[in-house]
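Please open the model in your viewer and keep the selection tool at hand. The tour below goes from one selection to the next and says what is found at each stop.

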Amino acid sequence: MTVPRRRVVVDGDACPVKAEIARTVRGCGATALLVSSHAHVLVPEPSVEVVTVDASDQSADLYIANVLTKSDILVTGDYGLAALGLARGSAVLTPRGKVIRESDIEGLLEQRHFSARQRRGGLRTKGPRAFTNEDRERFQQKLTTLLQGMQENPDL
């Protein structure tokens with residue numbers, strides 16, 4: 001029997017949907033764990049625990065990788081952390097509402113590597129498009145679906 005996903009673990013440093021996560025977990029009877037460095041001040045609230053790690057480059061990612069379980073939903077835009085989450089059996093959702101699956105991660109990591117190589121070579125690459133209200137709504141809908149649907153269909 002699969003354990004329902006009832007905790008959302010968030011890479012909180014650059015997450016633009018923290019308010020949506022808090023509303024959604026409260027509405028679904030779940031909890032959230034926001035992990036961030038000392039450089040970002042996050043405030044705990046009902047159903048939302050905050051963990052602050054030191055400011056070194058990968059501290060939040062390492063903390064998250066060590067606490068993730070197969071019953072968690074990981075929210076991150078970091079494809080390296082997403083790969084770790086998938087390896088731990090967690091569901092992975094980007095802040096724009098895209099579910100990342102095992103079949104997606106290799107291509108995403110290759111694209112990240114290619115873009116980094118271009119930047120190191122002096123080329124400019126396009127950043128992400130501006131974050132919109134539609135992105136927020138899509139994210140909240142997808143997170144709600146994941147949280148509510150896990151008991152009926154553990155493969156979501």
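Select Ser-36 to begin, which has its place in strand β2, residues 31-37; helices (H or I, at least four residues) and strands (E, at least two) are DSSP runs, numbered from the N terminus. The model is a predicted one, in which local features need pLDDT of at least 70 and side-chain atom pairs count only at pLDDT 80 or more, while totals for chains, interfaces and linings use all residues. Residues are numbered from 1 along each chain as its sequence is written, and side-chain values use heavy atoms, with hydrogens and water left out.

Ser-36 is buried, with a relative accessible area of 0% (buried means under 20% relative accessible area, with a 1.4 Å probe and protein chains only). Leaving aside neighbours within four places in sequence, Ser-36 is in contact (heavy atoms within 4.5 Å) with Gly-12, Asp-13, Leu-42, Val-51, Thr-52 and Val-53.

Next, select Cys-15, in the loop between β1 (7-11) and α1 (18-28), which counts as buried at 6% relative accessibility. Not counting residues up to four places away in sequence, Cys-15 touches Val-10, Ile-21 and Val-75.

Now select Val-8, which, with residues up to four places away in sequence not counted, touches Ile-21, Val-25, Leu-143 and Leu-147, among others. In the largest nonpolar core, which has 23 residues, Val-8, Ile-21, Val-25, Leu-143 and Leu-147 touch the most other members; such a core is a set of buried Ala, Val, Leu, Ile, Met, Phe, Trp, Tyr and Cys residues joined through side-chain atoms within 4.5 Å. The elements giving two or more residues to this core are β1, α1, β2, β3, β4, β5 (91-93) and α5 (133-149).

Move to helix α2 (residues 59-67), where Ser-59, Ala-60, Asp-61, Ile-64 and Ala-65 are buried. The cover over the buried residues of α2 includes β1, β2, β3 (48-53), β4 (72-75) and α3 (79-87).

For the last stop, select Gly-77, Asp-78, Tyr-79, Arg-96 and Pro-128, which of the 32 residues lining the largest pocket are the closest to its centre. On a 1 Å grid over the protein atoms alone, a pocket is an open set of points where a 1.4 Å probe fits, with protein on both sides within 12 Å along at least five of seven lines, and lining residues have an atom within 4 Å of a point. The elements that give two or more residues to this lining are α2 and α4 (102-120), and α4 gives the most, with five residues.

Conventions:
Buried means under 20% relative accessible area, exposed over 50%, partly exposed in between (1.4 Å probe, protein chains only).
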